[in-house]
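Dear colleague,

Please find below the structure that I am handing over to you, together with its sequence. A summary of the findings follows it, and I would ask you to read the two side by side.

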Amino acid sequence: MRAAVGLLDLHSGKGYPIGAAFLAVRLYPALVSNDIGCGMALWQTELPCH
């Protein structure tokens, strides 16, 4: 992990915190969340990364 931040809905989850965002070199699918109905999604776009 290069950085981590807790968002407004930060709370404990099953193995990983819910409402946290992580910056890493690669994707960690388990960190996308396991909170049913939390509204998180992973989308691939053509937008440039800066």
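**Overall architecture**

The protein chain contains two strands and zero helices. Please bear in mind that this is a predicted model. Of the 50 residues in the protein chain, 8% are buried. The accessible surface of the chain amounts to about 4,600 Å², and carbon and sulfur atoms account for 61% of that area. Among the contacts in the chain with a separation of 6 or more, 8% are between residues 24 or more positions apart.

Strand β1 covers residues 3–11 and strand β2 covers residues 18–23; the two pair in the antiparallel sense over five bridges.

**Glycine 19**

Glycine 19 belongs to strand β2. Is this residue, glycine 19, buried or exposed? Its relative accessible area is 6%, below the 20% limit, and glycine 19 is therefore classed as buried. Leaving out residues up to four places away in sequence, glycine 19 touches Val5, Gly6, Leu7, Asp9 and Leu10. As regards aspartate 9, the C-alpha atoms of this residue and glycine 19 are 5.1 Å apart, although ten residues separate the pair along the chain.

**Alanine 24**

Alanine 24 is located in the segment after β2. Which residues does alanine 24 contact, once its neighbours within four places in sequence are left aside? They are Met1 and Arg2. Methionine 1 lies 23 residues away along the chain, yet its C-alpha atom is separated from that of alanine 24 by 4.6 Å. With a relative accessible area of 22%, alanine 24 falls between the 20% and 50% limits and is therefore partly exposed.

**Threonine 45**

Threonine 45 is also found in the segment after β2. Its relative accessible area is 47%, which is under the 50% limit for an exposed residue, so threonine 45 counts as partly exposed. A polar atom of the threonine 45 side chain lies 3.3 Å from the backbone nitrogen of leucine 47.

With kind regards

Notes: Residues are numbered from 1 along each chain as its sequence is written. This is a predicted model: local features need pLDDT of at least 70, side-chain atom pairs count only at pLDDT 80 or more; totals for chains, interfaces and linings use all residues. Side-chain values use heavy atoms; hydrogens and water are left out. Helices (H or I, at least four residues) and strands (E, at least two) are DSSP runs, numbered from the N terminus. Buried means under 20% relative accessible area, exposed over 50%, partly exposed in between (1.4 Å probe, protein chains only). Contact means heavy atoms within 4.5 Å. Accessible areas come from the Shrake-Rupley method with a 1.4 Å probe; for residues, only the protein chains shown count as cover. Two strands pair if DSSP finds at least two bridges between them. A polar contact is a pair of N or O atoms within 3.5 Å; within protein, one must be able to donate a hydrogen and the other to accept it, and residues adjacent in sequence count only if both atoms are side-chain atoms.
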